[in-house]
Amino acid sequence: MAEAANEGSTLAEAVPGPGASAGDAAQRIRPPKIHPLLRYVLVRIGISILLIWGVTIVTFLLTNLVPTDPVAAILGDRAAADPEIVAQTRERLGLDQPLIVQYFTYLGNLLQGDLGVSNQTRTPVLDSIGQVFPASIELGIGAILISVILGLLLGLLSALKQNTILDHAIRTLSLIGISAPTFWIATVGYFVFFFKLRVVPGAGRLDPWITPPPKVTGLYTVDALLSGQMATFTNALGHLVLPSCVLALFTIGLLTRFSRSSVLDVIRLDYVTAAKAKGLPTGTVVFKYIFRGALVPIITVVGLAFGSLLSGAVLTETVFAWNGIGQYAFRGATTLDLPVIMGVGLVIGIVYILVNFIVDLIYGFVDPRVRVR
Amino acid sequence: MSVISIRDLNLSVTTGKTTKHILKDVSFDLEAGRITGVAGASGSGKTQTGLAVMGLSPAGAQLSGSIDFDGVELVNMPAKAHNRLRGVQLSMVFQDPASAFHPMLTVGDQITDHLRHHQKVSKREARERAVHILERTKVPHPTEAVGKYPHQFSGGQLQRIAFASAIICDPKVLIADEPTTALDVTVQAGILRLLRELCDDLELAVLLVTHDFGVLSSVADTIVVMKEGVVVEAGDREAVITAPQHEYTRSLIESLPGAEVSQ
Amino acid sequence: MSIGTPKQPPTNTNPGAEAVPGNPGSPGNPGNPVDPGVRRWTIRFPKSLRTPLGFVGAVILAVWLLLAIFAPLIAPFDPLAQSFSRLAPPGGENILGTDTLGRDVFSRIIVSARTTLPAAVFVVICSAVLGSVLGAIAGYFGKAVDEIIMRIADLVFAFPTIILAMVIAAALGPGLKNAIIAILLVSWPSYARVTRSLVMTARNSEYVIAGRLLGFSAGKSLTREIAPNVVSPVVVLATLDVGSAILTMAGLSFLSLGVVPPTPDWGAMISEGVSQFAAWWIAFFPGLCILTIVMAFNFIGDSLRDTLDPHTAQEVGETTS
């Protein structure tokens, strides 16, 4: 047993770092005797907080360093011509303070939930975003479900049938998928499936004669189910189909391409040959060994895909008259309502960071090399 | 008596428009309770011979000749039938134990999933068999080991687990592809000793593939020397080592460390 | 890993693979420090484009380039003249119909290529140069410089691309120039990341170290020895990126943050068509233009990427959006 003891001594070094993306930061910091998973989570939390802080700096600088004069925008042309009123307003807004002081004021306001007031409607930006956000969440969940399921399956199929006609077809289609402007697909899809074929309901989240379900989560489908209104549920679901499919198109292409290359990387690994050498049925080899191995890198891309869904939402919600953050942003952009645009940018930036944080956590829990010591 | 007899085995692989001949008229036998060692440089086709027995030749490979396994012809056998033999009658251990195990599945799961598939054994019984077989291959703390993940073991321990996985269904043939190459020199001898014991106790017909002639001279009963897809020499260990017939074999023996001293 | 084992993929999919960069981390020949990189300056573009997709992409792109160059000769009418009946359907005098102000859609989409294409190529070249230079500096000098540059890059990655571009463009005010600045600011980090990691591997490779021992200056080792490893991945990334730049630009004009009316622009035309469902042609044809041209760049970029070494290709990534 001397040999076994010898092997045991190398056990401590045999623990590899977590995956590449997680490893960089996690390996540099080495406090003694913290469970690796806890350390991993703490590092991820730290990175996310730093990023969110950075995002506030970006929106602050963009609001304050731009050529357009905020005072003029607030006061309107006539008042802006009066230097005294301008000076008073500058003082009232704190614009005479040094930039760093202004930043901390801004940050303090943000922490209290004050994202400014829309120049157009005079309503607080955070309130408006809070009202419309559930609509976007509902759309986003629909789209991410469709794109993850289809993207992974198509990518897996494409890789397993590498260099066949099916593979070439899937690769070409996914390239076309990431080449189409989402807002155009939305317009065409709406025209074809609603205007011509009438197979999907029209714009909006519900038919106009249906009252929204009592608000619990703000997601109409969920709220309708919670209150037992089946008719409302089917209607809301019907309205969800086309927008989420359109929105998913780009991410399906993205995930298909990524999961194909991820599966191809795994297929040639030894453990797949070893699984085949054990005489396991093809289904077990594919799903238990290949797919599970390919899934880890794919998980990290889902966060990225969510980012392109958020971008897509800003560009498509208007087409479907979907009263979410995208339509709010579109209105803000077309009227150059700076507080609205910055508020949307800040909120989407933070949501994106949080989603990636969650994705990193899932990654950590899925991979035993991170989870178990 | 021979369990596997390979006769005039040819293997060529076509990629695109080029065809490569990997094995040319390879013939030798594997016998129960004996270790047949195949030596040769990289690219000599020794690994491909093992994979051909397993039916795991690469895509685009054409096989001809004969691999007789207890009266069953393995060359160009239907994939499904071959799959029923793999893991049960024919088993294999790979070069690098760290990459031959799935990093996200427990060791216990990976050494029993083929047992459960082939012999329809219950989960609990599979676990008991796993613990038992890990004891057999001298993995420390077998009861805890089944619940652990591959990264929690050292290379030598993992290779022992790989041997456990290979013999759990009581196979007749074991193909060991460079089983010690990726390991520390200090644990290589232990793994070879284990291979010898398993071969003797379980009456296994072992095909030991290695580029290391030193390994063969210590553990193999029969030695087959391959070069560029051709068997250049085959015979009992004593005969091949003391009186090599072929130039290439002689050069392999002379390149062994300490060769000059022993002569 | 011995060559005799079957770990290599049985089929080699890229016949042109040997012509393009090998693994940048390969040590090369320490005795001859300049040699391993030099051949890599050449990407065999024509050979890479012999894949069906690459060929189709090249043909579509060529057609678009001709259309853009000869637009004044091809466009039948003045794209700004409101001289026709409004919302005339395709066919007849206006082959692709007219818009809400009675302008010829065909003339407008042809002329729009003259702004979109050069602007997209320009912004991609600028961000590739900027990003690569910053990435090379970060990767070569490391330490504080590296930290600062890469943390800024992380910050840009903290936003979805179009959102950040929207925020920047809105802050700067609408207009083509500001849209270009916005896209430049959001797209340089991907080049910085790729270049940085390539430079870091190359810097630690034996032939570069050998060069430094021979007394090469930092500048010489960056330009003569390291740059060859970086150029082709960056070219591939840039090709794929032209597509994203066109999409982002169209998105910005869709949000009225890009090209200012009445200058014809695909994104703005689609925006106009959203409220005009009966007149489907207003939005349909400009979108088709964006689709085909982005597709062309993606097809070309994809087949170029296939001829790259797999490790490098992974750096360049499947996800350049």
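**Close-up views of a predicted three-chain model**

**View 1. The largest nonpolar core.** The largest nonpolar core holds 253 residues. Those with the most contacts inside it are A:Ile341, B:Val206, C:Ala165, C:Met166, C:Ala169 and C:Ile246. A nonpolar core here is a set of buried Ala, Val, Leu, Ile, Met, Phe, Trp, Tyr and Cys residues joined through C-beta atoms within 7 Å. Helix α10 (residues 218–254) of chain C gives the largest share of this core, 17 residues. Helices (H or I, at least four residues) and strands (E, at least two) are DSSP runs, numbered from the N terminus.

The model is predicted: local features need pLDDT of at least 70, side-chain atom pairs count only at pLDDT 80 or more, and totals for chains, interfaces and linings use all residues. Residues are numbered from 1 along each chain as its sequence is written, while chains are lettered from A and ligands numbered from 1 in the order in which they are written.

View 2. Contact means that the C-beta atoms of two residues, placed from the backbone, lie within 7 Å.

**View 3. Where chain A meets chain B.** Here 29 residues of chain A are in contact with 33 residues of chain B. On the chain A side, α1 (2–9), α13 (270–277), α14 (282–316) and α17 (368–371) each supply at least two residues. The largest share, 6 residues, comes from α13(A). By class, this side of chain A has 14 nonpolar, 7 polar and 8 charged residues. Ala, Val, Leu, Ile, Met, Phe, Trp, Tyr, Cys and Pro count as nonpolar, Asp, Glu, Lys and Arg as charged, and the others, Gly among them, as polar.

**View 4. The two domains of chain A.** Chain A is assigned domain 1 (42–111) and domain 2 (125–372). Such bounds come from an automatic or database domain assignment. The C-alpha centres of the two domains lie 34 Å apart. Their contact takes 10 residues from domain 1 and 10 residues from domain 2. On the domain 1 side, helix α3 (residues 36–64) of chain A gives the largest share, 9 residues. By class, that side has 5 nonpolar, 4 polar and 1 charged residues.

**View 5. C:Thr115 and its contacts.** C:Thr115 lies in helix α5 (residues 105–141) of chain C. C:Thr115 counts as partly exposed because it has 19 C-beta neighbours inside 10 Å. A residue is buried if 20 or more other C-beta atoms lie within 10 Å of its own, exposed if 12 or fewer, and partly exposed in between; C-beta atoms are placed from the backbone. Not counting residues up to four places away in sequence, C:Thr115 touches C:Leu176, C:Val259, C:Thr263 and C:Asp265. C:Thr115 and C:Ala68 are 47 residues apart in sequence and 8.7 Å apart in space, C-alpha to C-alpha.

**View 6. Chain C and its confidence.** Chain C has 13 helices and 0 strands. Of its 321 residues, 53% are buried. Its mean pLDDT is 77, and 80% of its residues reach 70 or more. pLDDT is the predictor's confidence in each residue, from 0 to 100. Over residues 1–43 of chain C the pLDDT is below 50, yet this stretch has 95 contacts in the model beyond near neighbours in sequence. The model scores ipTM 0.89 and pTM 0.81.
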